[in-house]
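Visitor: I'd like to learn how to read a model like this one, feature by feature. Could you take me through it?

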Amino acid sequence: MAMVSITSPLLLAHKTKITTCNSSHRRCRHTITASSRPLRAAVIGGGPAGASAAESLANANISTFLFERNPTGSKPCGGAIPLCMMEEFSLPHSLIDRHVSQFLLLSPSNLPSLFSRHLSADTHYIPMLRREVLDSFLRERAKEKGAVVVPGLMTGIKMPRSEKEPYVIQYISEGSTQTIEADVIVGADGANSRVAREIGAGEYATAIAFQERIRLPPSAMSYYTDLAEMYLGSNVSPDFYAWVFPKCDHVAVGTGTVSSKPSIKSLQASLHARAGTKLAGGTVIRVEAHPIPEHPRPRRVIGRVALVGDAAGYVTKCSGEGIYFAAKSGRLCGEAIGKLWREEGKVTESGLKREYLKKWDDEFSGMFRFLDLLHKVFYKDDAGKEALAEMCADAYVQKRTFECYLDKKMVVGHPWEEMKLAWRTVGSMVRNRVLGREVERLRMLEANLSV
C-alpha cells in the first residue's frame, strides 16, 4: 500500500514521477501555508456537489483530486432542475432532454391540478435531464479546469494528530488499495456518506427513492412531450409523492418514502395502477434505488473536512429537490476553501464554518424550514394532500410556486393576496378533512371486497 505525496493536480493524470513514503516514518511536520506549497484537496464523490466543488477548487489553483466510485452510474432522480441553474452554472442547453411547460399534480382522489399558466416552452419551463449526462458534464468540466478525476472507492480516512498534519485517505482503484494525503477534504459521497461516518458527523433519517426508466411507444410518449406528473396519496407514498417525468426517449417513473421502505415495490405498483393506460406498452430499461436524506446532518464541518450535497443533508422536504442545492453547496464550499487559502494562508474549522456554513445557512435555511413546515402540514395524511392539490389549482399559488422554484428566491408576496391565501388554505384543510376520510373509507371498502 503506497502513500502518494501530491505536489500537482496533473501527477496522476500524466503518470509523472511521484514521491512515496511510509506514513509511520515520514510525516509532513511544517505548518501548511499558502507560501509553502500548493494546498491539497480531495473531493469524495463526483455528482453535482463534488464536481462543482472540484471545479471551484481547481479555479483557485488548489491541487484537487476528485474521487468517483462509479463514473458511468446514476441515482434514481426525477431530473428536474430550476431554470436559474442553467445560467448560474453555465449549463449548455444540449443537456436538456425536455422542456416541461405543463405540470400535472394529481390528488389522492385523482383530482388534477394543471400547472401551465405560469410556464411556457420558451422562457419559463422546467428543464428535465438525466443525471448521468449532467454529472459526466460537470466532472469533465472540473477536469478541464485542472482537477484530477480518480475512478476509485474511498474506504477510510486516517485522521491527523494535529492541524499541521494531512489526512490520509485510503481508497481502492483498479483493484488495488492505495493511499493519498490531503490537507482538506470535501465529502460529497451521498446520503450514505462514508466521509460523514469517518469524521463522526452524526446520523440522520433517510428516505428511499425507487425509480424505473420506461421506454414507451411513440404514441404514448407523445403525451409526455412537455408534461410531467406528480401523484399524491398514501397508496403511492404515505409521506412523499410519486412521479412520472419525461426524459429523452423514455419516462422516469418512481416514488419515495421514509416510513414504508419495505413496501416500496408495492407503492410503485400502485403508481403504475394510477397512471393506468398512459404507461401501457412500455418496456422497463433500468431500475434504480437510492437513499435520500431527510434533514441536514448534525455536524457538516469537522476539522478541515466539509460535507456538501446529500452528504450534508441538503434535500428539501415537500419537493424532494436536491440537484441544485448539491451543486450550489459544492461550489460555495470550494470557493470558501479557495478564499481561506488565498487570504489567510490556511484552512481551519472555524474558517470553513464562517465562509461556507454561515453563508449557506443565511441563504437557504429559511427556505428549508418553510418547505419542512409545508411537509408537516400537508403530507401527514391523504386529507392534507387533497388540500394541497386543491391549493395548487389556485393561480396565485402557482405564480408564487414558480417564482420561488424557477429562480430559487423566497419572494415576498403581496400582503393582501397572502392574507386571502391563508384563508383559502384553512378552508381547503377543513373541506378535505371530510373528503380525505371518505376516500380512505372507500379504499378500505374496496380492500375488504377484494379479500
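Visitor: Where does N61 lie?

Guide: N61 sits in the loop that links α2 and β4. Keep in mind as we go that this is a predicted model.

Visitor: Which other non-glycine residue has a positive phi?

Guide: E174 is one, with a phi of about 55°. It lies in the loop between β11 (167-173) and β12 (176-182). E174 has a relative accessible area of 75%, so it is exposed too.

Visitor: Let's turn to helices. How do I check the length of α4?

Guide: Compare its reach with what you'd expect from its residue count. α4 covers residues 131-145, 15 residues in total, and runs 21 Å from first C-alpha to last, close to the 21 Å expected at 1.5 Å a residue. Just after α4 comes G146, with a positive phi of about 125°.

Visitor: Which residues of α4 are buried?

Guide: They are R131, E132, L134, D135, L138, R139, R141 and A142. The elements covering them include α2 (48-59), β4 (63-68), β9 (148-151), β14 (206-215), β18 (283-293) and α9 (323-344).

Visitor: Why does R131 count as buried?

Guide: The cut-off for buried is under 20% relative accessible area. R131 has 10%, so it counts as buried.

Visitor: What is R131 in contact with, beyond its neighbours within four places in sequence?

Guide: The list is G47, P48, S74, K75, C77 and I323.

Visitor: Next, helix pairs. At what angle do α2 and α9 pack?

Guide: The angle is about 25°, and the axes are 7 Å apart. Angles under 35 degrees count as roughly parallel, and α2 and α9 are therefore roughly parallel to each other. From α2, the contact uses P48, A49, S52, A53, S56 and L57; from α9, it uses I323, A326, A327, G330, R331, G334, E335 and I337. As for handedness, α2 passes α9 in a right-handed crossing.

Visitor: How do α9 and α10 pack?

Guide: Helix α10 spans residues 349-378, and it packs with α9 at about 155°, the axes being 8 Å apart. That makes the two helices, α9 and α10, roughly antiparallel. The crossing of α9 past α10 is right-handed. Among the residues that meet are Y324, F325 and L332 in α9, and Y356, W360 and F364 in α10.

Visitor: Zooming out, how many helices and strands does the protein chain have?

Guide: It has 13 helices and 20 strands. Of its 451 residues, 53% count as buried. If you take contacts with a separation of 6 or more, 72% of them join residues 24 or more positions apart.

Visitor: What does the protein chain average in pLDDT?

Guide: The average is 84, and 82% of the residues score at least 70.

Visitor: Where does pLDDT stay under 50?

Guide: One stretch is residues 1-34, for which the model has 74 contacts beyond four places in sequence. Another is residues 416-423, with seven such contacts. Where pLDDT is low, the predicted coordinates should not be read in detail.

How values were computed
Residues are numbered from 1 along each chain as its sequence is written. This is a predicted model: local features need pLDDT of at least 70, side-chain atom pairs count only at pLDDT 80 or more; totals for chains, interfaces and linings use all residues. Side-chain values use heavy atoms; hydrogens and water are left out. Helices (H or I, at least four residues) and strands (E, at least two) are DSSP runs, numbered from the N terminus. The expected span of a helix is 1.5 Å times one less than its number of residues. Buried means under 20% relative accessible area, exposed over 50%, partly exposed in between (1.4 Å probe, protein chains only). Contact means heavy atoms within 4.5 Å. pLDDT is the predictor's confidence in each residue, from 0 to 100. Axes are lines fitted to C-alpha atoms, for helices over the stretch in contact, and angles run from 0 to 180 degrees between N-to-C directions. Angles under 35 degrees count as roughly parallel, over 145 as roughly antiparallel, 65 to 115 as roughly perpendicular and the rest as oblique. A crossing is left-handed if the near helix is turned anticlockwise from the far one by less than a right angle, and right-handed if clockwise.
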